[in-house]
Amino acid sequence: MSKIFTPTNQIRLTNIAIVRMKKAGKRFEIACYRNKVVSWRNNVEKNIDEVLQTHSVFTNVSKGQVAKKEDLLKAFGMDNQTEICKLILEKGELQISDKERQSQNEQLFKDIATTLASICLNPELKRPYPVTIIEKAMKDAHYSVKPNQATKVQAMAALKLLKQADIIPIERAKMRIKVHFGGKEAKKLKQKILKLESLQVESEEQDEEHTTLVFVVDPGQFKEINALITSETKGKGLLEVLAYKEIVLGDEFL
């Protein structure tokens, strides 16, 4: 007699969350631990065993009905239960109650505001905003969270909206960077760097062979600057981050 697995006998009323996907005309479900689905999608949780109640694919978790092998092959092109679970976990629809969804959205909203408060400031005062001020500005700008999108991605979208709405003066805190380079292309490289948007040069030292620049710039341009230095100097240039954020705390400048 075959063994029938019925997970709901133990977990239906405790800590279960169901993620559902429809594919090839069939419904597939997986049983996950509550609060772990979003963590997995945001790359916070890396261990799949901490997310899945069981490495099994169901047609109905509540009834303990396991999906047939032929249905998995037809829909996913494989019958590897763990890999299929990962696909459903990534792209499936999380089944939660309206109350739970509201609670999760409220927490995500706060997480987005917290992220903004940690990387942004008032450009006029060079001071960071309290999280509560960011939250209020986001509400006034009518920002809506996206449950399946990473917090940092949404923070950048919220920042763009806040700038457009002009509710509070806000911008990303600048990075202070030092670059040192030389060679035949030094003059050309210097011109390219100085043309970058929002870059503000603080100091410049130059001799016959080398140029050293210290400037502040938006963190979003770091990769572009690093790639520029690397390619133009064939890896011989030096790029050093002197400060990740420039903010005023009390009488102290960081």
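Begin by selecting the aromatic rings: a search of the whole structure finds 1 aromatic pair, where rings of Phe, Tyr and Trp (its six-membered ring) are taken to pair if their centres lie within 6.5 Å, with planes under 30 degrees apart counted as stacked, over 60 as edge-to-face and the rest as tilted. The pair consists of Phe-28 and Phe-76, which are edge-to-face at 5.2 Å centre to centre and 65° between the planes. Because Phe-28 lies in strand E2 (residues 26-33) and Phe-76 in helix H3 (residues 69-76), the pair ties together parts that are 48 residues apart in sequence. Phe-28 is buried, and so is Phe-76; buried means under 20% relative accessible area, exposed over 50%, and partly exposed in between, with a 1.4 Å probe and protein chains only. Helices (H or I, at least four residues) and strands (E, at least two) are DSSP runs, numbered from the N terminus.

The coordinates are those of a predicted model, in which local features need pLDDT of at least 70 and side-chain atom pairs count only at pLDDT 80 or more, while totals for chains, interfaces and linings use all residues. Residues are numbered from 1 along each chain as its sequence is written, and side-chain values use heavy atoms, with hydrogens and water left out.

Of its 254 residues, 39% count as buried. With contact meaning heavy atoms within 4.5 Å, residues 24 or more positions apart account for 62% of the contacts with a separation of 6 or more.

From Phe-76, move along to Met-78, which lies in the loop between H3 and helix H4 (81-91). Met-78 counts as partly exposed because its relative accessibility is 26%. Leaving aside neighbours within four places in sequence, Met-78 is in contact with Leu-72, Leu-73, Glu-83, Ile-84 and Leu-87.

Most residues other than glycine have a negative phi. Ala-24, in the loop between strand E1 (16-23) and E2, has a phi near 55°, a positive value, and at 42% relative accessibility Ala-24 counts as partly exposed. His-142 sits in the loop between helix H6 (131-140) and H7, with a positive phi near 60°, and is exposed, with a relative accessible area of 66%.

Now display helix H5 (residues 98-119) together with helix H7 (residues 151-165), whose axes come within 9 Å and cross at roughly 70°. Axes here are lines fitted to C-alpha atoms, for helices over the stretch in contact, and angles run from 0 to 180 degrees between N-to-C directions. That makes H5 roughly perpendicular to H7, given that angles under 35 degrees count as roughly parallel, over 145 as roughly antiparallel, 65 to 115 as roughly perpendicular and the rest as oblique. On the H5 side, select Leu-108, Asp-111, Ile-112, Thr-115, Leu-116 and Ile-119, which meet Thr-151, Gln-154, Ala-155, Met-156, Ala-158, Leu-159 and Leu-162 in H7. By class, this contact of H5 with H7 has 9 nonpolar, 3 polar and 1 charged residues, where Ala, Val, Leu, Ile, Met, Phe, Trp, Tyr, Cys and Pro count as nonpolar, Asp, Glu, Lys and Arg as charged, and the others, Gly among them, as polar.

Continue to the open sheet of 4 strands in the order E9-E10-E8-E11, in which the pairing is antiparallel; two strands pair if DSSP finds at least two bridges between them. E9 and E11 stand at the edges, each with a single partner strand, so one side of each is left without a neighbour in the sheet. Neighbouring strands of this sheet are turned by 15° against each other on average, direction ignored.

Walk across the sheet from E9 (residues 200-206), which 6 bridges join to E10 (residues 210-217), the two forming a hairpin with 3 residues between them. Leu-213 in E10 is the bridge partner of Glu-204, and Leu-213 is also the bridge partner of Val-179. E8 (residues 175-182) pairs with E10 over 8 bridges, and Phe-181 stands opposite Thr-211 in E10. On to E11 (residues 238-243), which 5 bridges join to E8, with His-180 opposite Leu-238.

Finish with the helices that lie across these strands. Helix H8 (residues 186-194) lies across E8, E9 and E10, running at about 165° to E8, and helix H9 (residues 222-232) lies across E8, E10 and E11, running at about 155° to E11.
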